[in-house]
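Let's take a walk through this structure together, from its core out to its charged pairs. Keep the sequence and the 3D view side by side as you read.

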Amino acid sequence: MRVDGPGVVESGDGRRFVALEMPDGWRVVDAHCPHNRGPLEQGWVRDGRTLVCPWHWYRFDVDTGECSTSPQHVLGVHPVREVDGQVYADVGDPPRALSWSERLRAHAQE
């Protein structure tokens with residue numbers, strides 16, 4: 001997926017991500033907070049590497065996705081590369097939709 005600038009970028013399949021221009025290069029992360037799906041494009045970067053969710057102030061390392069607020073929540077961080085002056089992020093394939101039985105089993109395990 002091509003990154004044209006900072007802010008929200010959308011993949012061809014409709015998934016949304018946030019592109020962050022950092023002093024040492026670009027970072028691309030999932031657009032929604034894994035805690036409660038807060039809009040991370042409205043968040044802010046603290047200390048040069050921590051993205052803070054605007055809803056509940058969960059803090060994520062933009063390099064690893066680790067959450068210092070609650071370790072069980074991990075933000076999706078995607079590899080970025082530059083080719084001929086253009087920035088690209090590898091966001092992978094869209095997740096496979098779960099069947100109803102898979103959803104129920106996953107819910108029962110929580």
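The largest nonpolar core has 14 residues, and Leu40 and Leu51 have the most contacts inside it. A nonpolar core here is a set of buried Ala, Val, Leu, Ile, Met, Phe, Trp, Tyr and Cys residues joined through side-chain atoms within 4.5 Å. Buried means under 20% relative accessible area, exposed means over 50%, and partly exposed lies in between (1.4 Å probe, protein chains only). Strand S3 (residues 16-22) gives this core its largest share, three residues. A second, separate core has nine residues, including Val9, Phe17, Val28 and Val91.

Before going on, please note that this is a predicted model: local features need pLDDT of at least 70, side-chain atom pairs count only at pLDDT 80 or more, and totals for chains, interfaces and linings use all residues. Residues are numbered from 1 along each chain as its sequence is written, and side-chain values use heavy atoms, leaving out hydrogens and water.

Now look at the strands. Strands (E, at least two residues) are DSSP runs, numbered from the N terminus, and two of them pair if DSSP finds at least two bridges between them. S3 and strand S4 (residues 25-30) pair in the antiparallel sense over six bridges, forming a hairpin with two residues between them. Within this pair, Ala19 stands opposite Val28 in S4. On strand S8 (residues 77-78), which is joined to S4 by two bridges and runs antiparallel to S4, the bridge partner of Val28 is His78.

S5 and S6 (residues 50-52) share three bridges, and Trp44 stands opposite Val52 in S6.

Finally, which charged side chains meet? A salt bridge is a side-chain nitrogen of Lys or Arg within 4 Å of a carboxyl oxygen of Asp or Glu, and the count by this rule is seven. One of them joins Arg16 and Glu41 (3.6 Å, N to O). Arg16 lies in strand S3 and Glu41 in the loop between S4 and S5, so this pair ties together parts that are 25 residues apart in sequence. Another links Asp24 and Arg27 (3.0 Å, N to O); Asp24 counts as exposed at 59% relative accessibility, while Arg27 counts as buried at 13%.

Note on methods
Helix = DSSP H or I, 4+ residues; strand = E, 2+ residues; numbered from the N terminus.
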